[in-house]
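Here are my notes after going through the model you sent.

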Amino acid sequence: MLQLGEEYGKLIECLGRPERESYRVNTLKADGGEPFPFRGERIPWCGTGYYSTARVGDTVEHFQGLVYVQEAASMLAAEALEAKPGEMVLDMSAAPGSKTTQLAALMGNTGCIVANEIDPKRAKALRFNLNRMGVANTAVTVMDARRIDKEGGFDRILLDAPCSNAGQLRENPKALETWSMRKVRECAKLQKQLIDRAAALLKEGGALVYSTCTDSPEENEEAVDHAVEEHNLRVDDIRADIRHHPGITVWQGREYADDVKKTVRVYPEDNDTAGFYAARLVKR
Amino acid sequence: MKVLNSRERKRLAESLTKEYGTPPKIFSGLELYEHGGGLWAATRECLTIDARGLKVDSLGLQVLRNGKPTIHGIQLLFREASATELSEPEAKKFMEGGSVECAARIAAYGGHPIDAAEESGSGKRRPGR
């Protein structure tokens with residue numbers, strides 16, 4: 001894991017507290033300003049996101065699909081993509097559907113989101129959530145995203161990449177037991193392959209958001225550096241009101257492209273959330 | 001896959017109005033198509049997608065199954081319908097398939113449809129949707 005220096009104490013203190021539950025209002029069914037009884041503080045970086053004052057998953061509103069329980073920091077990825085109504089969007093690793101349903105709401109159930117999932121069991125959970133949220137602008141595909149063959153076919157792509165999950169220690173302390181440098185290296189290899197495919201699938205001028213829930217530079221800045229060096233992609237600013245650290249440009253003797261600084265590292269202690277990483281890239 | 005034309009959409013609206021006592025909102029801006037014994041709603045962009053190079057599993061949202069609206073179909077079709085408003089305990093009971101008094105066919109909670117009762121008066125949810 002990344003060496004945090006003086007931040008280490010703050011991180012450990014934060015990891016010792018239970019994670020705050022948060023949710024998004026589903027504007028395909030409900031008004032964003034609806035005063036649900038469990039509504040807490042607003043999440044600054046997501047217009048429809050709130051912390052909750054009670055458990056949301058068992059409520060009637062959840063059953064009705066008026067709200068979606070989602071970790072607060074992860075709401076950043078779909079917001080950063082800035083998808084517009086009517087566009088053709090690809091979500092490369094979509095299950096269980098948190099970010100796909102967020103994109104569908106941002107697009108007002110228009111255009112088309114190709115929501116892909118490699119695992120058929122997880123695709124079932126994806127379909128369930130798309131139905132619950134009343135999403136009609138998706139084509140669910142079940143395949144290895146590296147095999148998607150639609151070059152230049154997408155206005156925007158979300159690549160919320162499979163990762164070593166080190167940012168989820170607060171929700172799931174057992175994640176540490178399965179974390180290893182070998183896993184990091186395997187994930188990093190897969191992530192670069194997925195970025196290679198995303199670069200080919202994106203239209204000129206289109207945007208790609210790459211995100212993970214880990215703090216390993218090998219899975220974050222190194223992947224973005226690969227995107228910039230190997231493809232016609234440039235790093236763009238993420239315009240979001242979230243406390244964060246800039247992407248790092250030097251790690252274990254390796255230097256990354258200077259623009260990698262524009263990417264967003266969210267540590268748990270920054271906003272009292274899970275750890276998260278996001279980069280926005282634009283195809284020239 | 002068969003996409004409903006305007007005459008077929010009108011006929012569907014009439015049939016749902018007769019069944020539920022309230023006119024449905026037939027998805028303005030969405031296409032309706034029949035597939036595998038059900039009716040689905042999807043955007044035109046999704047229906048016209050070039051599927052070459054993609055392993056498409058499903059398109060859009062299922063709104064009818066064997067001629068009856070799914071829960072999600074009820075919620076979208078009867079979004080602005082007159083409905084019986086349930087209290088929270090009633091809504092939870094109804095959500096779990098229990099019986100509550102329900103004057104209208106559509107049961108709502110917080111002003112949003114939750115599902116349709118088996119028939120008006122009985123107030124029990126149709127199971128298995």
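The points below start with the domains and the chain contact, then move to the sheet, the core and a few backbone details.

1. Before anything else, keep in mind that this is a predicted model. Everything that follows is computed from it.

2. Chain A comes in two parts: domain 1 covers 20–70 and domain 2 covers 73–283. Their C-alpha centres are 23 Å apart. Where they touch, domain 1 of chain A puts in 15 residues and domain 2 of chain A puts in 18. If you look at the domain 1 side of that contact by class, you get 6 nonpolar, 6 polar and 3 charged residues.

3. Now for the two chains. On the chain A side 31 residues make contact, and they meet 29 residues of chain B. Four elements of chain A each supply two or more residues to that side: helix H2 (60–63), strand E6 (112–116), helix H5 (120–132) and strand E7 (138–141). H5(A) gives the most, with 5 residues. By class, the chain A side splits into 16 nonpolar, 9 polar and 6 charged residues.

4. E7(A) pairs with strand E4 (residues 56–59) of chain B in the antiparallel sense, over 3 bridges. To find the spot on screen, go to A:Val140, which stands opposite B:Ser58 in E4(B).

5. Chain B has an open sheet of 5 strands, in the order E1-E2-E3-E5-E6, with antiparallel pairing. Strand E1 (2–3) and strand E6 (68–69) of chain B sit at the edges with a single partner strand each, so one side of each has no neighbour in the sheet. Within the sheet, strand E2 (residues 31–35) and strand E3 (residues 38–42) of chain B run antiparallel and are joined by 5 bridges. One residue pair to check there is B:Leu32 with its bridge partner B:Ala41 in E3(B).

6. Which residues touch the most other members of the largest nonpolar core? That core has 121 residues, and the answer is A:Ile157, A:Leu159, A:Ala198, A:Leu208, A:Tyr210, A:Ala278 and B:Ile106. Helix H7 (residues 181–201) of chain A gives the most to this core, with 7 residues. As for B:Ile106, leaving aside residues up to four places away in sequence, it touches B:Tyr20, B:Thr22, B:Ile74, B:Phe78, B:Ala81, B:Ala83, B:Pro113 and B:Ala116.

7. There is a cis peptide bond to look at, running from A:Ala95 to A:Pro96, with omega near 5 degrees. A:Pro96 lies in the loop between strand E5 (88–91) and helix H4 (98–106) of chain A.

8. Two residues other than glycine have positive phi. For A:Gln252, phi is near 50 degrees, and the residue is in the loop between strand E12 (250–251) and strand E13 (254–255) of chain A. Is A:Gln252 buried or exposed? It has 7 other C-beta atoms within 10 Å, so it counts as exposed, the cut-off for that being 12 or fewer.

9. The other one is A:Asp272, with phi near 60 degrees. A:Asp272 belongs to the loop between helix H9 (268–271) and strand E15 (276–283) of chain A. Here there are 15 C-beta neighbours inside 10 Å, so A:Asp272 is classed as partly exposed.

Note on methods. Residues are numbered from 1 along each chain as its sequence is written. Chains are lettered from A and ligands numbered from 1 in the order in which they are written. This is a predicted model: local features need pLDDT of at least 70, side-chain atom pairs count only at pLDDT 80 or more; totals for chains, interfaces and linings use all residues. Domain bounds come from an automatic or database domain assignment. Two residues are in contact if their C-beta atoms, placed from the backbone, lie within 7 Å. Ala, Val, Leu, Ile, Met, Phe, Trp, Tyr, Cys and Pro count as nonpolar, Asp, Glu, Lys and Arg as charged, and the others, Gly among them, as polar. Two strands pair if DSSP finds at least two bridges between them. A nonpolar core is a set of buried Ala, Val, Leu, Ile, Met, Phe, Trp, Tyr and Cys residues joined through C-beta atoms within 7 Å. A residue is buried if 20 or more other C-beta atoms lie within 10 Å of its own, exposed if 12 or fewer, and partly exposed in between; C-beta atoms are placed from the backbone.
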